[in-house]
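Please look over the sequence and the model below. Then read on for a short tour.

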Amino acid sequence: MESGRQSSRLWPILIGFFAPLIPAILGLLNVTFIEPEGSSGEKKFVFLLIITPLVAIGFLIYEYISNKRVMMYGTLLVLLLGVSFVVWFSLFAF
């Protein structure tokens, strides 16, 4: 028995938003908890800030090719936030 309800469009947007953040979150956990004390984690942190927009661009290419337009909205949002944070960080942190 099939109902006339349309599936929620929120789920693909959330997947598109959080999927590019997964490598950065895992890397941040690595730098925070696994990195031995005394070693420099600042360079790795900056690398993690830069990798998120690059992964988001890769996801955008995949979503455009596979015609997943709804998922692209979440990825575009995380790309915009990631690029703006990297620009803000480079202007005011150094």
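The report covers the overall fold, one threonine, the aromatic pairs and a pocket.

This is a predicted model, in which local features need pLDDT of at least 70, side-chain atom pairs count only at pLDDT 80 or more, and totals for chains, interfaces and linings use all residues. Residues are numbered from 1 along each chain as its sequence is written, and side-chain values use heavy atoms, with hydrogens and water left out.

**Overall fold**

The protein chain has 4 helices and 0 strands. Its pattern along the sequence is α-α-α-α. Helices (H or I, at least four residues) and strands (E, at least two) are DSSP runs, numbered from the N terminus. Buried residues account for 27% of the 94 residues in the protein chain. Buried means under 20% relative accessible area, exposed means over 50%, and partly exposed lies in between (1.4 Å probe, protein chains only). Now take contacts, meaning heavy atoms within 4.5 Å. Among those between residues at least 6 apart in sequence, 64% join residues at least 24 apart.

**Thr 75**

Thr 75 sits in helix H4 (residues 69-92). Is Thr 75 buried or exposed? It counts as buried, because its relative accessible area is 0%. Leaving out residues up to four places away in sequence, Thr 75 touches Gly 16, Phe 17, Pro 20, Ala 56, Phe 59, Leu 60 and Glu 63. Gly 16 is 59 residues from Thr 75 along the chain, yet their C-alpha atoms are separated by 4.7 Å.

The side chain of Thr 75 also has polar partners. It makes a polar contact of 3.1 Å with the side chain of Glu 63. One of its polar atoms lies 3.2 Å from the backbone oxygen of Met 71. A polar contact is a pair of N or O atoms within 3.5 Å; within protein, one must be able to donate a hydrogen and the other to accept it, and residues adjacent in sequence count only if both atoms are side-chain atoms.

**Aromatic pairs**

Rings of Phe, Tyr and Trp (its six-membered ring) pair if their centres lie within 6.5 Å; planes under 30 degrees apart count as stacked, over 60 as edge-to-face and the rest as tilted. By this rule there are 2 aromatic pairs.

| Pair | Type | Centre to centre | Between planes |
|---|---|---|---|
| Phe 17 and Phe 18 | edge-to-face | 5.0 Å | 90° |
| Trp 88 and Phe 92 | tilted | 6.2 Å | 50° |

Phe 17 is buried, at 17% relative accessible area. Phe 18 is partly exposed, at 45%. Trp 88 is partly exposed, at 46%, and Phe 92 is exposed, at 63%. Trp 88 and Phe 92 are 4 residues apart in helix H4, so about one helical turn separates them.

**The largest pocket**

Rolling a probe the size of a water molecule over the atoms shows where empty space is left. On a 1 Å grid over the protein atoms alone, a pocket is an open set of points where a 1.4 Å probe fits, with protein on both sides within 12 Å along at least five of seven lines; lining residues have an atom within 4 Å of a point. The largest pocket has a volume of about 260 Å³. Of its 14 lining residues, Leu 21, Ala 24, Leu 48, Leu 49 and Thr 52 are closest to the centre. H4 gives the largest share of the lining, 5 residues.

Technical notes:
Grid points are joined across faces, edges and corners, and a volume is the space filled by probe spheres set on the points.
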